[in-house]
Amino acid sequence: MSVCQALLVQVTEIARQRGAQAVDSITVQIGLLSGIDPAQLRLAFAVMRAGSESATAELVIEMTAVEVRCLACGVCSETLVNRLVCRACGNFRTRVIAGDELRLLRIELKA
Amino acid sequence: MCQTCGCAMTSAPNLGAAAPLGGQHTVEVLENLLAENDRVAKHNRTHFDDHDVLAINLMSSPGAGKTALLEATILALKSRYRIAVIEGDLETDNDARRIRAHGVPALQITTGTACHLDAAAVHQALHDLPIAGLDLLFIENVGNLVCPASFDLGQHLNVTLLSVTEGDDKPAKYPVIFRASDLVVLSKTDLLDVMDDFLPERAAAHLRDLGRDTPLIQTAVRRKPSLAAWLAWLETELRSREWIYRRVPARRSSPGGLLSGFGE
């Protein structure tokens, strides 16, 4: 809900700045490790968009997989959310380089 | 295809940023959804830094013993450090009253239905809880292992409790919050001899699987109090002052460099 509210505030601001009549679609990027459940975001969006510029907008969610870079061997590998170890050498000291995004990518406006 | 629920959702077609299509145009945004929260969190952190106050966000599932750990910590440290507590709960000021009973200022935030604290709530609380002269501020988050992980409050360090009456696989079940932790505290370890299905080494293995070298320490406050490792960690952090102007918590990486300042 809080995330959806933040999303609608951001979208409304951009739509007003651009003088758009309505928002056709909103594309967000959600990493599997972001802690945000896409189904819940959809549900919140369906309820909370009412009365806003986004009332008839489509919500497009792009999911991103989790990828880590090994701090020992430098190899980048795709991992499960709860097993962020290097797939090449097994080292557990890694840095997450993708999969924790929570971003508004783009919106389509009706002029 | 959506990887989480398997629905047949596809990526939006790339229309190009400067290609108006029949009265329609696309605006490329690329902004963090929690940018506003993060802005307020940064403001809070600057406020803590300016007053030389170490701010610790204490998280766990409900009933893991956050308040009990704070009470014991206050008893052990209040003669040497000036401590205050911000309490987050859905309802009641019971926890703030427990803290105040030890002679330490405490401010209760009741969130109503919200299952987490956010930076704005903490900012509001700071207007009513003077932090000048403090050494240490604990922010006890709402008992929940999911949502608190996503909201930066402006804290310097995240501490997550895992009580031995829970499963030792909690770090595998709730990877986001445990990965964001600077320290994991196994609480209620005086019950380990009766909780024979909880293996601390198994919890440690699940924690290491999250790709960080997060320390795991054991505490107990009731039957056989054991606080030495926790107090030593706290005092090391208080003395090291590495947290001042250091970074935001290890909560989110910075894909594409958009969220500069995030990550370690």
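Predicted model: local features only at pLDDT ≥ 70, side-chain atom pairs only at ≥ 80, totals over all residues.
1. Next, the cores. The largest nonpolar core has 31 residues, and the members touching the most others are Ile56(B), Phe138(B), Val159(B) and Trp230(B). At least two residues of this core come from each of strand 2, helix 2, strand 3 (83-89), helix 3 (94-100), strand 5, strand 6, strand 7 and helix 8 of chain B. Another core, of 29 residues, lies apart from it and includes Leu8(A), Ile26(A), Ile30(A) and Ile61(A). As background, nonpolar side chains in soluble globular proteins tend to be buried together.

2. Val159(B) deserves a click in the viewer. Setting aside neighbours within four places in sequence, Val159(B) is in contact with Ile56(B), Asn57(B), Leu58(B), Met59(B), Leu183(B), Val185(B), Trp230(B) and Trp233(B).

3. How many aromatic pairs turn up over all chains? The count is 2. One of them, Phe138(B) with Trp230(B), is tilted, with 6.3 Å centre to centre and 35 degrees between the planes. Phe138(B) belongs to strand 5 of chain B and Trp230(B) to helix 8 of chain B, so this pair ties together parts 92 residues apart in sequence. Both Phe138(B) and Trp230(B) are buried.

4. Trp230(B) also pairs with Trp233(B): the ring centres are 5.9 Å apart and the planes sit at 10 degrees, so this pair is stacked. The two tryptophans are 3 residues apart in helix 8 of chain B, which puts about one helical turn between them. Trp230(B) and Trp233(B) are both buried. Put together, Phe138(B), Trp230(B) and Trp233(B) make one aromatic cluster.

5. The charged end of Arg208(B) sits over the ring of Phe92(A), 3.9 Å from the ring centre.

6. Is Asp24(A) buried or exposed? With a relative accessible area of 17%, Asp24(A) falls under the 20% cut-off, so this residue counts as buried. Asp24(A) is found in strand 1 (residues 22-31) of chain A. Its side chain makes a polar contact of 2.6 Å with the side chain of Gln24(B). Beyond residues up to four places away in sequence, Asp24(A) touches Thr56(A), Ala57(A), Glu58(A), Glu108(A), Lys110(A) and Gln24(B).

7. Last one: Val96(A), in strand 5 (residues 94-98) of chain A. At 6% relative accessibility, Val96(A) is buried. From Val96(A) to Val68(A) the C-alpha to C-alpha distance is 4.3 Å, although the two are 28 residues apart in sequence.

Key:
Residues numbered from 1 in each chain as written. Chains lettered and ligands numbered in written order. Heavy atoms only, no water. Core = buried A, V, L, I, M, F, W, Y, C linked by side-chain atoms within 4.5 Å. Buried < 20%, exposed > 50% of the residue type's maximum accessible area, 1.4 Å probe, protein only. Helix = DSSP H or I, 4+ residues; strand = E, 2+ residues; numbered from the N terminus. Contact = heavy atoms within 4.5 Å. Phe/Tyr/Trp six-rings, centres within 6.5 Å; stacked < 30°, edge-to-face > 60°. Lys NZ or Arg CZ within 6 Å of the ring centre and 35° of its normal. Polar contact = N/O pair within 3.5 Å; in protein donor to acceptor, adjacent residues only side chain to side chain.
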